[in-house]
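Hi everyone, thanks for making time for this.

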Amino acid sequence: MQEKAVTIGHMDELDDPGCREFRIGEGDWPFRGFVVRKGNDIYAYQNYCMHAGHPLNFKPDSFLTKDNDLIICASHGALYNIETGVCVAGPCVGESLRAVRTEVGDGAVIAYGPA
């Protein structure tokens, strides 16, 4: 499978901690993902609830709990570890979000997904 790169933005543009959504592809079914900045680290996942198969968020770029410690599914309250994507509470405990490959080059956050 071929990958396509998308630049999410500059590291300094992301809140710490904070999230930003991205899409790869056009049309009705683009690949949807999000990145989470935590300190100097970036984590990225497909925007897909492991319990119900729909996007995790209702509001743009809104993926974290109020204390910014976990990723939360807005529909059913599933909680996922930021660093691993593993569900730690809710209807899909033990399942993991699908990780997305990222890199930071010259401060730019780049994510890779299906072309």
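This is a predicted model: local features need pLDDT of at least 70, side-chain atom pairs count only at pLDDT 80 or more; totals for chains, interfaces and linings use all residues.

**A walk through the model**

Is Asn57 buried or exposed? With a relative accessibility of 10%, Asn57 counts as buried, because the cut-off for buried is under 20%. Its side chain also reaches the backbone oxygen of Lys59, at 2.8 Å. If we set aside residues up to four places away in sequence, Asn57 touches Glu21, Asn47, Ser62, Phe63 and Ala74.

Now let's step back to the whole chain.

What about the overall dimensions? The C-alpha trace spans about 35 × 30 × 25 Å along its principal axes. For 115 residues, a compact globule would have a radius of gyration near 13 Å, and the protein agrees with that, at 13 Å. Of those 115 residues, 40% count as buried. The protein exposes about 6400 Å², and carbon and sulfur atoms supply 47% of that area. As for contacts between residues at least 6 apart in sequence, 45% of them join residues at least 24 apart.

A word on charge: there are 10 positive and 16 negative side chains, and the centres of the two sets lie 5 Å apart.

Glu3 lies in strand S1, residues 3–10, while Arg101 is found in the loop between strand S7, residues 87–89, and strand S8, residues 102–105. Their side chains are joined by a polar contact of 2.7 Å. Glu3 is partly exposed, with a relative accessible area of 46%, and Arg101 is partly exposed too, with 42%.

Which residues surround this pair? Not counting residues up to four places away in sequence, Glu3 touches Arg101, Tyr112, Gly113 and Ala115. With its neighbours within four places left aside, Arg101 is in contact with Glu3, Ile110, Ala111 and Tyr112. Arg101 and Ala111 are 10 residues apart in sequence, and their C-alpha atoms are 5.9 Å apart in space. For a sense of scale, the C-alpha atoms of Glu3 and Ser75 are separated by 30 Å.

Finally, some backbone details. Most residues other than glycine have a negative phi, and most peptide bonds are trans. With that in mind, look at the peptide bond from Asp16 to Pro17: it is cis, with omega near -5°. Pro17 has its place in the loop between S1 and strand S2, residues 18–24.

Then there is Asp61, which is not a glycine but has a positive phi of about 60°. Asp61 is in the loop between S4 and S5, and it counts as partly exposed at 36% relative accessibility. Asp106 also has a positive phi, near 55°. Asp106 lies in the loop between S8 and strand S9, residues 108–114, and it is exposed, with a relative accessible area of 81%.

Note on methods
Residues are numbered from 1 along each chain as its sequence is written. Side-chain values use heavy atoms; hydrogens and water are left out. The radius of gyration is taken over C-alpha atoms; the globule rule is 2.2 Å times the number of residues to the power 0.38. Buried means under 20% relative accessible area, exposed over 50%, partly exposed in between (1.4 Å probe, protein chains only). Contact means heavy atoms within 4.5 Å. Accessible areas come from the Shrake-Rupley method with a 1.4 Å probe; for residues, only the protein chains shown count as cover. Lys and Arg count as positive and Asp and Glu as negative; His and the chain ends are not counted. The place of a charge is taken as NZ of Lys, CZ of Arg, CG of Asp or CD of Glu. Helices (H or I, at least four residues) and strands (E, at least two) are DSSP runs, numbered from the N terminus. A polar contact is a pair of N or O atoms within 3.5 Å; within protein, one must be able to donate a hydrogen and the other to accept it, and residues adjacent in sequence count only if both atoms are side-chain atoms.
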